[in-house]
Amino acid sequence: SDTLRLAVVPGDGIGQEVTPEALKVLDAVLAGSGTSVQTTEYDLGARRWHASGEALPDTVLGELREHDAILLGAVGDPSVPSGVLERQLLLRLRFELDHYVNLRPSTLFPGVAGPLAEPGEIDFVVVREGTEGPYVGNGGALRVGTPAEIATEVSVNTAYGVERVVRDAFRRAAGRPAKKLTLVHKHNVLVHAGHLWRRTVEAVGAEHPDVTVDYLHVDAATIFLVTDPSRFDVIVTDNLFGDILTDLAAAVTGGIGLAASGNVNPDRTAPSMFEPVHGSAPDIAGQQKADPTAAVLSAGMLLDHLGREDLGERIRTAVRTDLSRRAEGAVGGRRTAEVGDALAALV
Ligand code: NAD
Ligand code: IPM
Ligand code: MN
């Protein structure tokens, strides 16, 4: 039997509430599986930043590297200036651990009432670039607070960075029944980055004649995500477009409380990190109102990544069952921990 060394970062707000539920379900699914889990919890986020002024000490980053995977809740708190924890903790982890594939699946589970009257079948995955784009912090401000202020955030797109994520997206598309890849960008305006992405998709696509390639400008992609989401199979896109599209995709498939993600290092040079798509939700934090399903499904993706798709599938099956019970009205109005209990009993 082997031991999974798991680092846990509950973080801020509802991260503190949904992460214990994900761990509860993880424990339940691992019981008797031949794999045991050894968790180390890391107190990172607003509390630590207030106490020490540090978001992510180098020593902690070093310890995190020694794990098989990281489970994260959410970071960001109204008591901390916006951008501090997001950049110095969350984005630093994604960059330092080279999470160049931000994997965000969107599935409309049976019975789930999304906002669309006739949604059709929805089952696609967004491969969001995770280490470049406008997120890199390449910018600055001049003459701040004056009428002459200038602020820039320059999107960085390297041939190396674009090629590796596009290759990953093609491999995923080739392994799926529909074998379709849609590049989402805005090459009609962002011509420099856009054409790099376009040429890269064309070149890598030549190695995958079995994969159908499509392209949409990001504005049009938001139309089709609402009017015809079934057209999507694998979407590959840059860091910022992927961020925005995956909140929309979550809304279309039943809400942000169900949307899971993985920050994946496909080369396995560092641990991958799994987290809900949602944030710390200060508006409902501390009230046991958050749906922990996204965190639980993220733990399922973590198991997939570590080669235990059988256990990941058991988590998804439990979620499907729980969601159909909700649809029947058999359950509802539950506290965060009660949803976790129900899912732990179902795996
Ligand atoms: P958010 O995702 O935290 O909340 C958006 C809305 O969705 C809120 O109304 C919230 O109550 C609701 N919501 C979110 N998760 C839910 C759940 N599990 N169950 C039920 N409802 C849920 O986004 P925001 O308000 O834009 O950001 C709040 C903070 O979180 C900010 O500091 C932001 O930077 C941070 N954030 C962090 C992450 C992350 O850690 N990965 C992701 C997004 C936002
Ligand atoms: C997400 C979040 C983060 C992002 C923020 C908090 C840095 O919105 O994980 O989707 O933009 O990637
Ligand atoms: Mn986001």
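Reader: What is the handedness of the crossing of α5 and α6?
Author: In this predicted model, helix α5 covers residues 159–174 and helix α6 covers residues 191–205. Their axes come within 9 Å. The crossing of the two helices, α5 and α6, is right-handed.

Reader: How many residues in the contact of α5 with α6 are nonpolar, polar and charged?
Author: From α5 come Ala159, Val162, Glu163, Val166, Arg167 and Phe170. They meet Leu196, Trp197, Thr200, Val201, Val204 and Gly205 in α6. By class, the contact of α5 with α6 divides into 8 nonpolar, 2 polar and 2 charged.

Reader: Which element supplies the largest share of the side of domain 1 that touches domain 2?
Author: The protein is divided into domain 1 (1–105 + 259–347) and domain 2 (115–252). Their contact takes 16 residues from domain 1 and 17 residues from domain 2. On the domain 1 side, α4 (84–96) and β4 (101–107) each supply at least two residues. The largest share, 5 residues, comes from β4.

Reader: What distance separates the centres of domain 1 and domain 2?
Author: The centres are taken over C-alpha atoms. The side of domain 1 that touches domain 2 has 9 nonpolar, 3 polar and 4 charged residues. Between the centres of domain 1 and domain 2 the separation is 24 Å.

Reader: Which helix gives the most to the shell around ligand 2?
Author: Ligand 2 is surrounded by Gly76, Glu86, Leu90, Leu91, Asp243, Val277 and Gly279. By class, this shell around ligand 2 has 3 nonpolar, 2 polar and 2 charged residues. The top contributor gives 3 residues, and that helix is α4.

Reader: How many residues surround ligand 1?
Author: The closest to ligand 1 are Gly76, Gly257, His278, Gly279 and Ala281. The shell around ligand 1 divides into 11 nonpolar, 5 polar and 4 charged. The number of residues surrounding ligand 1 is 20.

Reader: Why is α1 oblique to α10?
Author: Helix α1 covers residues 15–30, and helix α10 covers residues 309–328. Their axes are 10 Å apart. Angles of 65 to 115 degrees count as roughly perpendicular and those over 145 as roughly antiparallel. The angle that makes α1 oblique to α10 is about 125°.

Reader: How many charged residues are in the contact of α1 with α10?
Author: α1 passes α10 in a right-handed crossing. Val25, Val29 and Leu30 in α1 meet Leu311, Arg314 and Ile315 in α10. The contact of α1 with α10 has 5 nonpolar and no polar residues, and the charged count is 1.

Reader: What is the distance between the axes of α10 and α11?
Author: Helix α11 covers residues 336–346. α10 and α11 pack at an angle of about 125°, and the two helices are therefore oblique to each other. The distance between the axes of α10 and α11 is 9 Å.

Reader: Which residues in α11 do those of α10 meet?
Author: α10 passes α11 in a right-handed crossing. By class, the contact of α10 with α11 has 5 nonpolar, 1 polar and 1 charged residues. On the α10 side are Ala318, Val319, Thr321 and Asp322. In α11 they meet Ala342, Leu343 and Leu346.

Key. Residues are numbered from 1 along each chain as its sequence is written. Chains are lettered from A and ligands numbered from 1 in the order in which they are written. This is a predicted model: local features need pLDDT of at least 70, side-chain atom pairs count only at pLDDT 80 or more; totals for chains, interfaces and linings use all residues. Axes are lines fitted to C-alpha atoms, for helices over the stretch in contact, and angles run from 0 to 180 degrees between N-to-C directions. Helices (H or I, at least four residues) and strands (E, at least two) are DSSP runs, numbered from the N terminus. A crossing is left-handed if the near helix is turned anticlockwise from the far one by less than a right angle, and right-handed if clockwise. Two residues are in contact if their C-beta atoms, placed from the backbone, lie within 7 Å. Ala, Val, Leu, Ile, Met, Phe, Trp, Tyr, Cys and Pro count as nonpolar, Asp, Glu, Lys and Arg as charged, and the others, Gly among them, as polar. Domain bounds come from an automatic or database domain assignment. A residue is near a molecule or strand if its C-beta atom, placed from the backbone, lies within 6 Å of it. Angles under 35 degrees count as roughly parallel, over 145 as roughly antiparallel, 65 to 115 as roughly perpendicular and the rest as oblique.
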